[in-house]
Amino acid sequence: MVTNLEYYKVFYYVAKNQSLTVAADALAISQPAVSRSVKQLETALGTKLFIRAAKGVCLTPEGELLYRYVAKGYEQITLGEQKLKQMLNLDLGEIHIGASDMTLQFYLLPFLERFHEKYPGIKVVVTNAPTPETLRNLREGKIDFGVVSTPFDDQDFLQASAVREIEDVFVAGRKFIQYKNRMLDLQELESMPIIYLEGNTSTRNNMNRFLLQNRVNIQPEFELATSDMVVQFALRNLGVGCVVRDFAQEYLDSGQLFELRFNKIIPRRQFCVVTDKKNPMSAAARNLLALVYEQQDLQ
């Protein structure tokens, strides 16, 4: 096997141009150096690859066979270099992000819009999942970074940066007007029809933990897949919904819903950008995060 791949590069240029002189110019080396490389390759392979022609050189049948394979390989390498350059210049590439409905809608979406306007050639793939699944996808290398909400367990591989504060609230409609403008005890939640998120989400886990610390045990009347549906059920007076304030803000402002007040403050939480300390990110992902952190510094 020929170990000096430079011989194949010279062979490719000579065969493509059918000229030692043109190949030398393209490679910016002398014609004798081109001739030596061709001769050394022929010696190593044990066959003649070129014959003299009236104008330059022609491939032998053995040279024709070799060229078909060498050309494919060399042109793929060249194409790879071009694509890599485009990727580094952000003309193309792909970013994989993990985000929940909440973090996407109320934090990440404006950044994606600005990034797409600036770098339209970059494909952005968002894996929509709750915080626990997003962290698992990050650990397994399926995403470049995630935007999640606290609480979540601290893990060795994880680098987390808080980027925005959020607040969990209980909201209700006119059917529950007797609770409006009252300072309620958390225990009163046990007698109310509660509308909760289903499954293993940071929102539900956080509220479960808070209520358990205050010895409150609730049995939800409804368990729904999305916070938007929790709000819609509350608007129809089917119960008292537990959501992050952002989801209900429009209806709180219009008076269609009101927020229940309690004698104990529900701790606020954070949106966090999470990355893997060990896995390097693509240039595109780094630039998107730079956009996020730049805005954070301006706030």
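The largest pocket holds about 300 Å³ of space; a volume here is the space filled by probe spheres set on grid points, which are joined across faces, edges and corners. A pocket is an open set of points on a 1 Å grid over the protein atoms alone, where a 1.4 Å probe fits and protein lies on both sides within 12 Å along at least five of seven lines; lining residues have an atom within 4 Å of a point. The model is predicted: local features need pLDDT of at least 70 and side-chain atom pairs count only at pLDDT 80 or more, while totals for chains, interfaces and linings use all residues. Residues are numbered from 1 along each chain as its sequence is written, and side-chain values use heavy atoms, with hydrogens and water left out.

**Largest pocket**

- The lining of the largest pocket comprises 18 residues, and the closest to the pocket centre are Ser 100, Asp 101, Leu 197, Thr 201 and Ala 225.
- At least two lining residues come from each of α5 (101-118), α7 (202-213) and α8 (227-235); helices (H or I, at least four residues) and strands (E, at least two) are DSSP runs numbered from the N terminus.
- Six nonpolar, nine polar and three charged residues make up the lining, where Ala, Val, Leu, Ile, Met, Phe, Trp, Tyr, Cys and Pro count as nonpolar, Asp, Glu, Lys and Arg as charged, and the others, Gly among them, as polar.

**Helix packing**

- Helix α8, which contributes to the pocket lining, packs against helix α9 (residues 245-254) at an angle of about 30°, with the axes 9 Å apart.
- Axes are lines fitted to C-alpha atoms, for helices over the stretch in contact, and angles run from 0 to 180 degrees between N-to-C directions.
- α8 and α9 are therefore roughly parallel to each other (under 35 degrees counts as roughly parallel, over 145 as roughly antiparallel, 65 to 115 as roughly perpendicular and the rest as oblique).
- Helix α1 (residues 6-17) and helix α3 (residues 31-45) have axes that come within 9 Å and cross at roughly 110°.
- α1 and α3 are therefore roughly perpendicular to each other, and their crossing is left-handed.

**Sheet β4-β3-β5-β14-β6**

- Five strands form an open sheet in the order β4-β3-β5-β14-β6, with mixed pairing; two strands pair if DSSP finds at least two bridges between them.
- Its edge strands, β4 (122-128) and β6 (158-166), each pair on one side only.
- From one strand to the next, the twist averages 20°.
- Strand β3 (residues 93-99) pairs with strand β5 (residues 145-149) in the parallel sense over three bridges, and Ala 99 stands opposite Val 147 in β5.

**Sheet β10-β9-β11-β7-β12**

- Another open sheet of five strands has the order β10-β9-β11-β7-β12, also with mixed pairing.
- The edges are β10 (222-224) and β12 (258-259), each pairing on one side only.
- Strand β7 (residues 168-172) and β12 pair in the antiparallel sense over two bridges, with Phe 258 in β12 as the bridge partner of Ala 172.

**Hairpin β1-β2**

- Strands β1 (residues 50-53) and β2 (residues 56-59) pair in the antiparallel sense over four bridges.
- A hairpin through two residues joins β1 to β2, and Ile 51 has Cys 58 in β2 as its bridge partner.

**Backbone details in loops**

- A cis peptide bond runs from Thr 150 to Pro 151, with omega near 5°; Pro 151 lies in the loop between β5 and β6.
- Gln 18 has a positive phi, near 55°, in a residue other than glycine, and Gln 18 lies in the loop between α1 and α2 (20-27).

Terms used: Left-handed = near helix turned anticlockwise from the far one by under 90°.
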